[in-house]
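Please consult the sequence and the model shown below while reading.

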Amino acid sequence: MHPGLGDLPNVVLTPHLGSATEETRRRMAEMSVENLIAGELAQNRAVLIDFWTYTCVNCIRTLPYLRAWHERYSGHGLTVIGVHTPEFAFEQQRSNVLGAVQRYGLEYPVVQDNEYGTWDAFNNRFWPAKYLLVPGRGLVYSHFGEGQYEDTELAIRAQLERLGYSLAE
């Protein structure tokens with residue numbers, strides 16, 4: 001069962017914004033994860049949610065795959081959204097999360113979920129955890145922990161093709 005988007009709280013986005021204007025940074029900080037997901041689904045895009053925390057070794061080991069999927073498929077209908085849900089109090093500090101986003105080269109949006117609102121809305125219990133959502137069907141795939149990278153990519157590709165995106169090189 002997937003969450004109702006109205007159940008998701010407002011959170012602070014911490015994407016890699018590069019040369020974004022201050023106005024863009026302000027608007028991104030005011031956006032909620034609910035609006036981000038709904039907006040992407042409304043544009044006929046698949047959304048891959050990744051629950052992670054920057055001190056979790058298992059999470060860190062998944063980041064190269066998430067970066068690759070973002071690079072490979074963001075132009076073909078996939079939006080990756082990292083949801084940083086802290087295990088420890090020091091992981092709640094925005095500067096620490098931003099440092100991790102930069103250190104690991106994450107160029108997709110990352111939201112801070114310090115109050116566990118998004119975590120709870122997904123009934124999530126694990127780091128790392130992946131949830132693939134698509135327009136009209138909601139949750140179509142989930143995976144907990146490391147591994148099954150090929151299965152996850154096959155699920156992504158199948159849903160993008162179902163949405164009408166061409167994945168031919």
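## A buried aspartate

The side chain of D113 reaches the backbone nitrogen of W119 at 2.9 Å. This is a polar contact, defined as a pair of N or O atoms within 3.5 Å; within protein, one atom must be able to donate a hydrogen and the other to accept it, and residues adjacent in sequence count only if both atoms are side-chain atoms. D113 is placed in the loop between β4 (110-112) and α5.

D113 is buried yet has no salt bridge, and R125, the nearest side chain of opposite charge, is 9.4 Å away. Buried denotes under 20% relative accessible area, exposed over 50%, and partly exposed the range in between (1.4 Å probe, protein chains only). A salt bridge requires a side-chain nitrogen of Lys or Arg within 4 Å of a carboxyl oxygen of Asp or Glu. For charge, Lys and Arg count as positive and Asp and Glu as negative, while His and the chain ends are not counted.

## Basis of the model

The model is predicted: local features need pLDDT of at least 70, side-chain atom pairs count only at pLDDT 80 or more, and totals for chains, interfaces and linings use all residues. Residues are numbered from 1 along each chain as its sequence is written, and side-chain values use heavy atoms, with hydrogens and water left out.

## Overall architecture

The chain contains 6 helices and 6 strands, arranged along the sequence as β-α-α-β-α-β-α-β-α-β-β-α. Helices (H or I, at least four residues) and strands (E, at least two) are DSSP runs, numbered from the N terminus.

Of the 169 residues in the chain, 47% are buried. Among contacts with a separation of 6 or more, 72% join residues 24 or more positions apart; a contact means heavy atoms within 4.5 Å. The accessible surface of the chain is about 8200 Å², and carbon and sulfur atoms contribute 49% of that surface. Accessible areas come from the Shrake-Rupley method with a 1.4 Å probe, and for residues only the protein chains shown count as cover.

## Salt bridges

Side chains of opposite charge can pair when their charged atoms come close. The structure holds 4 salt bridges. In one of them, the side chains of E40 and R45 meet at 3.0 Å, N to O. E40 is buried, with a relative accessible area of 15%, and R45 is buried as well, at 15%.

Another salt bridge joins E146 and R61, whose closest N and O atoms are 3.3 Å apart. Because E146 lies in the loop between β6 (138-144) and α6 (149-162) and R61 in helix α3 (residues 57-73), the pair ties together parts that are 85 residues apart in sequence. E146 is partly exposed at 29% relative accessible area, and R61 is partly exposed at 47%. R72 and E153 also form a salt bridge through their side chains (2.7 Å, N to O). R72 belongs to helix α3 and E153 to helix α6, so this pair ties together parts that are 81 residues apart in sequence. The relative accessible area of R72 is 39%, which makes R72 partly exposed.

## Aromatic pairs

There are 12 aromatic pairs in the structure. Rings of Phe, Tyr and Trp (its six-membered ring) pair if their centres lie within 6.5 Å; planes under 30 degrees apart count as stacked, over 60 as edge-to-face and the rest as tilted. The ring centres of F51 and F122 are 5.6 Å apart and their planes stand at 70°, so the pair is edge-to-face. This pair links distant parts of the chain, with F51 in strand β2 (residues 46-52) and F122 in the loop between α5 (117-121) and β5 (129-134), 71 residues apart. Both F51 and F122 are buried.

Y131 and F144 form an edge-to-face aromatic pair, 5.8 Å centre to centre with 70° between the planes. Y131 lies in strand β5 and F144 in strand β6, 13 residues apart. Y131 is buried at 5% relative accessibility, whereas F144 is partly exposed at 38%. Ring pairs link F51, Y116, W119, F122, F126, W127, Y131 and F144 into a cluster.

## Surroundings of Y54

Y54 is located in the loop between β2 and α3 and is buried, at 9% relative accessibility. Beyond its neighbours within four places in sequence, Y54 is in contact with residues including I60, H84, F90, E91 and Y104. The side chain of Y54 reaches the backbone oxygen of F90 at 3.5 Å. The C-alpha atoms of Y54 and E91 are separated by 7.4 Å, with the two residues 37 positions apart along the chain.
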